[in-house]
Protein chains: 2
Amino acid sequence: METAEYLEARRLLVDEALRRVLPPETAEPALLHRAMHYSIFGGGKRLRPVLVLAAGEAVGGAVEPLLPVAAVLELIHTYSLVHDDLPAMDDDDLRRGRPTSHRVFGEAVAILAGDALLTEAFGLLTAPDCVSRHDPKRLLTVIQEIAAAAGSRGMVGGQTLDIVSEGQAVDAAGLESVHRRKTGALIRASVRAGALLAGASQVQLEAITAYGEAVGLAFQIADDILNVEGEAATTGKAVGSDAAKGKATYPAVHGLAEAKARAAALLAEALKSLEPLDHRADPLRGIARFIVDRQR
Amino acid sequence: METAEYLEARRLLVDEALRRVLPPETAEPALLHRAMHYSIFGGGKRLRPVLVLAAGEAVGGAVEPLLPVAAVLELIHTYSLVHDDLPAMDDDDLRRGRPTSHRVFGEAVAILAGDALLTEAFGLLTAPDCVSRHDPKRLLTVIQEIAAAAGSRGMVGGQTLDIVSEGQAVDAAGLESVHRRKTGALIRASVRAGALLAGASQVQLEAITAYGEAVGLAFQIADDILNVEGEAATTGKAVGSDAAKGKATYPAVHGLAEAKARAAALLAEALKSLEPLDHRADPLRGIARFIVDRQR
């Protein structure tokens with residue numbers, strides 16, 4: 001299967017799983033559940049969930065038992081976007097080409113919808129649907145990794161550093177630290193969750209972890225490049241918005257050519273990491289190429 | 001042991017546990033961790049954690065293995081206060097007699113500190129310190145209950161209803177629904193978590209659940225009454241602030257006398273629920289009385 005075809009097939013499975021696991025829009029309070037649905041079903045590549053599935057498949061696991069965990073990674077990613085977009089944070093009006101949650105539902109409901117999505121993530125990880133498919137101890141380990149990746153020393157920590165460093169000079173090491181926390185940690189946790197639950201060997205797990213670290217950083221650099229070079233119509237947000245906010249980005253710190261070279265080097269690193277794995281890791285290989293080459 | 005003495009002794013254990021489990025203030029990013037510490041160690045009765053311990057003790061469980069779970073309930077409660085106080089929500093300047101998080105650290109960091117506290121809660125529930133002390137399946141069940149109580153159909157749902165109904169006429173049923181979600185669900189989950197992990201029998205669990213439901217509602221009614229009658233110096237927030245915001249409260253809907261009668265009836269109900277339990281449930285009994293009679 002070609003990468004585009006694989007991504008699309010898995011994205012559909014993830015969307016189905018999200019529809020199945022999320023409380024319905026009509027659940028009380030309906031306003032809150034509508035806001036949760038609005039952000040979850042607002043497009044998106046479902047990259048993190050697909051990485052959960054692809055990592056599991058790479059070590060011979062089945063897709064189906066991983067779907068609830070894949071959905072959870074999207075809930076966490078989406079909550080972080082809803083909160084990042086708030087006026088007190090990045091103050092963005094557009095996300096995935098649509099008005100941001102707080103523009104539609106107001107700030108209070110956007111904050112609460114983000115809180116609810118994060119809480120729901122841990123609810124799903126411990127729901128019968130998920131618990132019945134996995135070894136309880138292994139599942140607890142995976143929840144632990146996801147919480148660490150999303151928490152104060154991971155994603156939330158990265159967002160804090162990103163906000164407080166706005167408009168300030170950031171050196172290369174500082175920038176990489178923000179990127180590793182803000183985007184890298186959750187991508188690393190996504191592939192590790194899939195691999196761990198699918199019963200990866202130590203060698204497989206290490207290969208997939210190294211892959212996740214390289215791909216996570218490559219993704220953020222590619223994102224930074226797109227913010228400079230992309231078109232609003234395809235990226236779904238304003239071009240140059242990072243620069244306008246004085247955000248520390250890879251192109252801003254290193255220049256565009258160096259940023260592209262670094263992304264290419266990380267792609268090579270990701271592919272090399274996967275050498276211990278056989279053809280079943282081809283989707284992971286394709287996703288790494290897709291991430292670095294994507295136009296939106 | 002008298003209730004006041006019991007509460008103080010357990011509060012100290014909970015504070016110790018919180019200091020042990022929370023990432024240090026010096027962890028990177030220090031600003032975020034300082035904000036987390038500021039709100040966690042800003043006083044507070046530690047009612048939910050103490051209820052976890054007292055419920056476990058009531059069915060013969062030991063205190064020590066329950067401490068990480070007790071700490072988690074305080075993290076979740078505190079995150080909800082930090083977000084509730086935000087300008088887009090209740091817009092409060094004071095909490096527990098000190099400036100609210102966003103007044104000290106700014107809105108962005110307050111939002112992120114709340115997010116981090118919530119995430120950390122699930123991190124602690126799955127950390128080796130907690131996992132090693134409990135049966136994995138039972139622990140997964142408890143995490144599930146806590147997530148449900150804190151989520152879109154529990155606490156966050158209650159806060160949403162509270163915010164959207166501000167300044168609107170709310171009937172008695174609507175008010176009780178908000179209270180049950182906003183405060184009741186997490187208090188119910190606190191006592192159930194302690195009882196479940198301590199190995200409660202079905203009869204014991206049902207008794208403690210009924211107790212939790214009565215006490216949870218009584219607590220919110222007592223809180224509403226204090227907001228009318230209390231003194232800012234002892235409650236740590238502005239008196240009459242609910243009325244000023246057009247909040248639906250028990251005294252506003254039913255009148256003060258009826259609110260007091262309802263709190264007393266709920267206390268009687270809580271005590272009656274505990275009849276199947278022996279003297280080891282005396283701290284739970286004392287806490288119920290304390291909640292209804294407290295002056296702050």
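**Entry 1: Phe290(A)**

I found Phe290(A) in helix α16 of chain A (helices are DSSP runs of H or I, at least four residues, numbered from the N terminus). The model is predicted, so local features need pLDDT of at least 70 and side-chain atom pairs pLDDT 80 or more, while totals for chains, interfaces and linings use all residues. Residues count from 1 along each chain as its sequence is written, chains are lettered from A and ligands numbered from 1 in the order written.

Leaving out residues up to four places away in sequence, Phe290(A) touches Thr3(A) and Leu7(A) (contact: C-beta atoms, placed from the backbone, within 7 Å).

**Entry 2: the helix pair**

I checked α11 (residues 202-229) against α16 (residues 282-293), both of chain A: their axes come within 8 Å and cross at roughly 25°. Axes are lines fitted to C-alpha atoms over the stretch in contact, with angles from 0 to 180 degrees between N-to-C directions. α11(A) is therefore roughly parallel to α16(A) (angles under 35 degrees). Among the contact residues I list Tyr211(A) and Phe219(A) of α11(A), and Leu284(A) and Ile291(A) of α16(A).

**Entry 3: the two chains**

I laid chain A on chain B: RMSD 0.0 Å, a turn of 180° and a shift of 0.0 Å along the axis (least squares on C-alpha atoms of residues with pLDDT of at least 70 in both). The copies are thus related as by a two-fold rotation axis. In chain A, Pro136(A) has the C-alpha nearest the axis, 2.9 Å from it.

Methods:
Helices (H or I, at least four residues) and strands (E, at least two) are DSSP runs, numbered from the N terminus. Angles under 35 degrees count as roughly parallel, over 145 as roughly antiparallel, 65 to 115 as roughly perpendicular and the rest as oblique. Two residues are in contact if their C-beta atoms, placed from the backbone, lie within 7 Å.
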